[in-house]
Amino acid sequence: MPVPDYQSFMRPLLMAVSDGEVWRVRDLYARLASDFALTETDLAEMLPSGRQATYANRIGWAKTYLLKAGALSSPSRGAVTITGRGRDLLSQRPDSVSTRDLLAFPEFQQFQAGGGTTDSAVAVSPDASDPTLSPEEQLEALSAALDRALVNELQTQIQTVSPQQFERLVVAVLVSMGYGGSVRDAGMAIGKSGDNGIDGLIKQDPLGLDRVYIQAKKWQNPVHSPEIRTFAGSLTYHRASKGVFITTAAFSDGAVKTAAQIGNIILIDGATLARLMIDYGVGVITRETYRVRRVDVEYFEEL
């Protein structure tokens with residue numbers, strides 16, 4: 001089954017601790033994973049950032065929300081137990097407990113408003129975004145949406161530049177990735193070749209022992225297999241060990257298969273070129289930086 005959203009974990013979490021004992025949170029992860037019959041695939045699913053298992057993140061947020069609502073208490077670090085309010089929720093909400101139910105409590109309202117808490121959790125109104133996602137997932141989803149919009153905007157912008165500007169753009173991206181030495185070296189190695197494209201031979205290492213043949217075409221239409229086969233012939237002619245074919249458009253399925261069969265050719269389409277520009281800071285600026293902080297548990301262990 002898919003990993004349940006964080007609200008789906010709330011009532012089962014209360015049920016798991018309804019015996020009144022003090023439970024270690026790490027034991028609750030295993031208990032709830034078993035209760036929901038999560039598979040190995042489910043347990044291996046990670047957040048888009050790759051920093052935490054999705055199920056653990058969602059159980060963690062369910063625990064945080066229940067703590068902030070006073071349904072759970074934490075008598076010691078990494079441990080929780082149910083409260084009288086938690087027992088009331090179990091009896092009053094026989095099917096499920098949601099974030100909206102927790103808004104009945106003043107402490108949780110204050111937490112949602114962002115005041116009166118020393119926790120680093122992000123307060124997000126349940127009506128403000130997808131209620132199936134934890135606050136951390138909402139931030140990552142928003143970041144991904146902004147990233148996709150930026151990729152599309154960059155692709156549009158790239159199509160408007162002149163051939164000379166496109167040449168400088170390709171040089172800047174390659175140098176930022178560590179190829180071609182300096183901008184001056186790479187600029188001298190790459191030259192205009194007509195057909196609304198550029199090509200050249202650049203260094204992969206500082207001594208120039210390994211050479212990479214570059215071809216970049218500012219096209220609107222997809223690149224097909226014949227262009228890839230011609231490019232492969234150019235690698236042999238220039239005695240280059242590797243080739244990078246860049247296009248502002250896309251590659252057909254046939255072109256992708258041809259490159260895979262040849263084996264030493266890397267294809268970079270318009271979307272990939274835009275993402276490389278983002279990753280290496282070419283043609284983009286950072287407007288805002290937001291930090292999401294967590295409690296450093298090891299710090300408190302060493303006090």
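## H11 against H12

What is the handedness of the crossing in which H11 passes H12? The model is a predicted one, and in it the crossing is right-handed. The residues that make this contact are Ser-225, Ile-228, Arg-229 and Ala-232 on the H11 side, with Gly-254, Ala-255, Thr-258, Ala-259 and Ile-262 on the H12 side. Sorted by type, the residues of the H11 and H12 contact come out as five nonpolar, three polar and one charged.

As for the geometry, H11 covers residues 225-237 and H12 covers residues 253-262. Their axes come within 8 Å and cross at roughly 25°. Angles under 35 degrees count as roughly parallel, so H11 and H12 are roughly parallel to each other.

## H9 against H13

Next up is the pair made of helix H9 (residues 163-176) and helix H13 (residues 270-279), whose axes come within 10 Å and cross at roughly 60°. H9 and H13 are therefore oblique to each other. H9 passes H13 in a left-handed crossing.

Who does the touching here? On H9 the contact residues are Phe-166, Leu-169 and Val-173, and on H13 they are Leu-273, Leu-276 and Met-277. If you like greasy side chains, here's your spot: the contact of H9 with H13 has six nonpolar residues, no polar ones and no charged ones.

## H2 against H4

Helix H2 takes in residues 25-35 and helix H4 residues 54-68. The axes of H2 and H4 come within 10 Å, crossing at roughly 115°, and the crossing is right-handed.

From H2, the residues Val-25, Tyr-29, Leu-32 and Ala-33 meet Tyr-55, Ala-56, Ile-59, Gly-60 and Lys-63 of H4. That contact of H2 with H4 splits into seven nonpolar residues, one polar and one charged.

Now for the strands. Strands of a sheet pair through backbone hydrogen bonds, either parallel or antiparallel. Three strands form an open sheet here, ordered S1-S3-S2, and the pairing is antiparallel. Strand S1 (23-24) and strand S2 (72-73) are the edge strands, each pairing on one side only.

How many bridges join S2 and S3? S2 pairs with strand S3 (residues 79-82) in the antiparallel sense over two bridges. To pick out a residue pair, Leu-72 has Ile-82 in S3 as its bridge partner.

## Salt bridges

Side chains of opposite charge can pair when their charged atoms come close. The structure holds six salt bridges.

Methods. Residues numbered from 1 in each chain as written. Predicted model: local features only at pLDDT ≥ 70, side-chain atom pairs only at ≥ 80, totals over all residues. Heavy atoms only, no water. Axes fitted to C-alpha atoms, helices over the stretch in contact; angles between N-to-C directions. Helix = DSSP H or I, 4+ residues; strand = E, 2+ residues; numbered from the N terminus. Parallel < 35°, antiparallel > 145°, perpendicular 65-115°, else oblique. Left-handed = near helix turned anticlockwise from the far one by under 90°. Contact = heavy atoms within 4.5 Å. Nonpolar A, V, L, I, M, F, W, Y, C, P; charged D, E, K, R; others polar. Pairing = 2+ DSSP bridges. Salt bridge = Lys/Arg side-chain N within 4 Å of Asp/Glu carboxyl O.
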